[in-house]
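Q: I am new to this structure and would like a close look at a single part of it. Could you begin there and then lead me out to the rest?

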Amino acid sequence: MRRRPGLSARMKLALSYTGFLFVAGALLLAVVWGFLLRHVPDNSQGLLGISPNRYLLVHTFAPAAAVAMAFLLVFGLVGGWLLAGRMLAPLTRITEAARTAGKGSLSHRIRMEGRQDEFRELSDAFDSMLEQLESHVAEQQRFAANASHELRTPLAISRALLDVARTDPTQDRAEIIERLHTVNTRAIDLTEALLLLGRGDRGSFTRESVDLSLLAEEAAETLLPLAEQRRITLDVTGGTAPTGGSAELLLRMVTNLVQNAIVHNLPADGTVTVHTEAYGDTCVLRVENTGRPLPPELVPTLTEPFQRGTERVRTDEHAGVGLGLAIVHSIVRAHDGTLGLSPRPTGGLVVTVRLPAAP
């Protein structure tokens, strides 16, 4: 945005200092004039003929006052310019850092020294903002690279299958079509997951009253065949937990958590417990499952996109695209909630979602 040139902040401060000093000097001279000269007689002989009269004092005092005011004016300009430059030096560093960041370099930090004041507070806030921006941009770049890689894989497989069908007429067309259908379904699931993840990040949804306990029961009923197939006991406990948000997104959140708990479980005879409760102004959804022990360093990375938790037990037919918990995290964040992951001492994972209760 182009702006017309104007006085700099340093010049404005210098002029302000000069004006204040000039006015203060003028007031001081006025006080001297009022309290000193008004008691001096205004006649040719003065007081008893021996003291100077007002005429002589005025003509003696006026040139000195004019010199003093001129000195105050020059001193105010020079001193104000130097003081303003010293006071605005931190702001200059912040401006240079902002310009550097505007050119794409987010790794620069101001790290201003000195005691805490308004400029240091602004500098620290700017450094914190740059750190968050750098982290966010790096996360988006990793996400874009991973998404491109994940989408390229099914497309490459589809092209290879089509090349085989075109060049080798002896291949079973039905088998190729079935494999193409499987690959295409995986690509569609991945695309829908990416769209859902982006929708959750934007927070573009209509809020309504939603009961997490009903969503937990619906998700458990939907995934019960999968649990029975893997010989997993699926239980839903707790009471009502009314919150506000998108019923569609929150159902997807609960479904993802329950499906992950079933898939990443023991090969057989495992358990999944879904618990809902409300206390105070918070609603809690807790999904706990059995499984093999998880390394502590693995747990914080499970909410990152395309982190499939390679050390967790799962079947090949439910390998997923690595966006399950990333979508959950995005939905929870869009609903102003918190997501907590903690490994169970005996193996498995406890996922706790806390959302604001409905008013």
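A: Happy to! Let's start with Phe 71, which is exposed, as its relative accessible area of 54% is over the 50% mark. Keep in mind that you are looking at a predicted model. Phe 71 has a partner: together with Phe 75 it forms a stacked aromatic pair, with 5.8 Å from centre to centre and 20° between the planes. A search of the whole structure finds 1 aromatic pair. Both residues sit in helix α2, which covers residues 54–102, and because they are 4 residues apart there, about one helical turn separates them.

Now follow the chain past that helix. The loop between α2 and α3 (118–167) holds Arg 111. In general, most residues other than glycine have a negative phi. Arg 111 counts as exposed, at 59% relative accessibility. Further along there is another such case: Arg 231 is not a glycine either, yet has a positive phi of about 55°. You will find Arg 231 in the loop between α5 (212–229) and β2 (232–238), and with a relative accessible area of 52% this residue is exposed.

In soluble globular proteins, nonpolar side chains tend to be buried together. Here the largest nonpolar core has 44 residues, and Met 253, Leu 257, Ile 262 and Leu 285 are those with the most contacts inside it. At least two residues of this core come from each of α5, β2, α6 (247–263), β4 (270–279), β5, α7 (324–334) and β7 (349–356). Helix α6 supplies the largest share, 9 residues. For a view from inside, pick Met 253: not counting residues up to four places away in sequence, Met 253 touches Leu 212, Leu 285, Val 328, Ile 331, Val 332 and Val 353. Another core lies apart from this one; it has 8 residues, among them Ile 94, Ala 101, Met 112 and Leu 130.

Strand β5 deserves a stop of its own. Thr 282 lies in this strand, which covers residues 282–289. Thr 282 counts as buried because its relative accessibility of 19% is under the 20% cut-off. Its side chain makes a polar contact of 3.4 Å with the side chain of Asp 281. Leaving aside neighbours within four places in sequence, Thr 282 is in contact with Glu 277, Arg 354, Leu 355 and Ala 357.

How far can you trust these details? Among the elements, β5 has the highest mean pLDDT, 95, while helix α4 (residues 173–202) has the lowest, 74. Over the protein the mean pLDDT is 81, and 84% of the residues reach 70 or more.

Finally, step back for the whole picture. The protein has 7 helices and 7 strands, running α-α-α-α-β-α-β-β-α-β-β-α-β-β from the N terminus on. Of its 359 residues, 34% are buried. Among contacts between residues at least 6 apart in sequence, 69% join residues at least 24 apart. The protein exposes about 22,100 Å², with carbon and sulfur atoms supplying 59% of it.

Note on methods. Residues numbered from 1 in each chain as written. Predicted model: local features only at pLDDT ≥ 70, side-chain atom pairs only at ≥ 80, totals over all residues. Heavy atoms only, no water. Buried < 20%, exposed > 50% of the residue type's maximum accessible area, 1.4 Å probe, protein only. Polar contact = N/O pair within 3.5 Å; in protein donor to acceptor, adjacent residues only side chain to side chain. Contact = heavy atoms within 4.5 Å. Phe/Tyr/Trp six-rings, centres within 6.5 Å; stacked < 30°, edge-to-face > 60°. Core = buried A, V, L, I, M, F, W, Y, C linked by side-chain atoms within 4.5 Å. pLDDT = per-residue confidence, 0-100. Areas by Shrake-Rupley, 256 points an atom, 1.4 Å probe, with all protein chains shown as cover.
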